[in-house]
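Hello,

I am handing over a structure for you to look through.

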Amino acid sequence: MNKKIKVLHVIETIARGGAENNLLNLLKYMDRDAFDNKVAYLYPGSDLGKAFGAIGVDTVGIGMGGIWDLGKGLGRLVKEIRSGGYDIVHTQLFGANIYGRMAAFIAGKKVVTTLQNPDYTFERKNIILRKAIDKFTAVITGCRFIAVSQFVKQSFVKELHLNADNIEVINNSLDLDRFKAGGTGEKNSLMCGPATKRYILNIGRLHPQKGQEHLIKAVERVVADGEDVELVFIGDGPLKAELADLAERSGLKERTHFIGKVEDVLPY
């Protein structure tokens with residue numbers, strides 16, 4: 001039999017989030033005969049630890065307090081890579097990309113980075129330093145890239161001047177079996193209005209990257225056309241107050257609901 005390819009997946013946390021759930025979904029369906037996977041997470045946040053364990057994937061916390069906790073992070077990550085005998089280090093999200101690439105470089109391992117977000121298109125804080133560190137670690141490691149969409153790919157080609165030929169687009173997948181049962185079957189109290197009423201549900205971080213202001217403006221037009229529509233946001237983020245203000249100015253205050261973070265979106 002051919003030797004399995006050992007992959008260490010480095011991510012910032014295994015708390016509930018888009019990238020974390022996508023990694024869980026990826027490893028759930030990855031070919032176990034071809035790959036041996038383990039997840040290393042840098043910072044506190046391990047909500048999905050049991051879920052990874054349930055699919056037979058071990059996790060290890062690196063114990064960093066934050067992105068500048070270089071002493072703990074790099075040494076422990078290098079030790080994990082060397083002791084585990086990994087063939088590939090797979091990183092995603094900024095902090096994990098930087099530390100994962102540096103540790104892989106020191107350990108002499110190949111690196112693949114998944115680009116989950118258009119990191120620089122919508123961010124302007126510490127942008128020059130972030131770009132410089134990101135580009136430097138990518139170049140010295142000979143990192144290969146996977147982008148989850150064409151938009152994300154073009155964002156990094158434009159903003160970080162990455163070689164487009166070095167980025168392969170593989171769209172994120174969903175485990176549709178989760179939705180076949182229709183969640184818990186319990187009606188949500190918010191959505192028990194008249195049968196004629198329609199609800200538009202947005203699930204995600206309240207962030208400029210998500211474009212939720214365009215959704216509110218679109219719903220304003222739909223309501224003006226006479227449709228009985230309500231808008232529901234699940235998630236939290238820096239734009240909550242701004243989006244609530246926009247909804248009020250658009251005449252949608254009573255039709256817009258901010259639920260915040262929830263453990264399970266299926267009932268909605």
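**A sheet and a pocket**

Strands β8 and β9 (residues 229–234) pair in the parallel sense over 6 bridges; strands here are DSSP runs of E with at least two residues, helices are runs of H or I with at least four, and both are numbered from the N terminus. Two strands count as paired if DSSP finds at least two bridges between them. This is a predicted model, where local features need pLDDT of at least 70 and side-chain atom pairs 80 or more, while totals for chains, interfaces and linings use all residues. Residues are numbered from 1 along each chain as its sequence is written, and side-chain values use heavy atoms, leaving out hydrogens and water.

Within this pair, I203 stands opposite I234 in β9. Helix α8 (residues 212–224) packs on the sheet and touches both β8 and β9, with contact meaning heavy atoms within 4.5 Å. The sheet is open, with 3 strands in the order β8-β9-β10 and parallel pairing. Its edge strands, β8 (198–203) and β10 (256–260), each pair on one side only.

Now to the second largest pocket, which holds about 480 Å³ of space. A pocket is an open set of points on a 1 Å grid over the protein atoms alone, where a 1.4 Å probe fits, with protein on both sides within 12 Å along at least five of seven lines; lining residues have an atom within 4 Å of a point. The volume is the space filled by probe spheres set on the points, which are joined across faces, edges and corners. α1 gives the largest share of the lining, 4 residues.

Best wishes

Terms used:
Axes fitted to C-alpha atoms, helices over the stretch in contact; angles between N-to-C directions.
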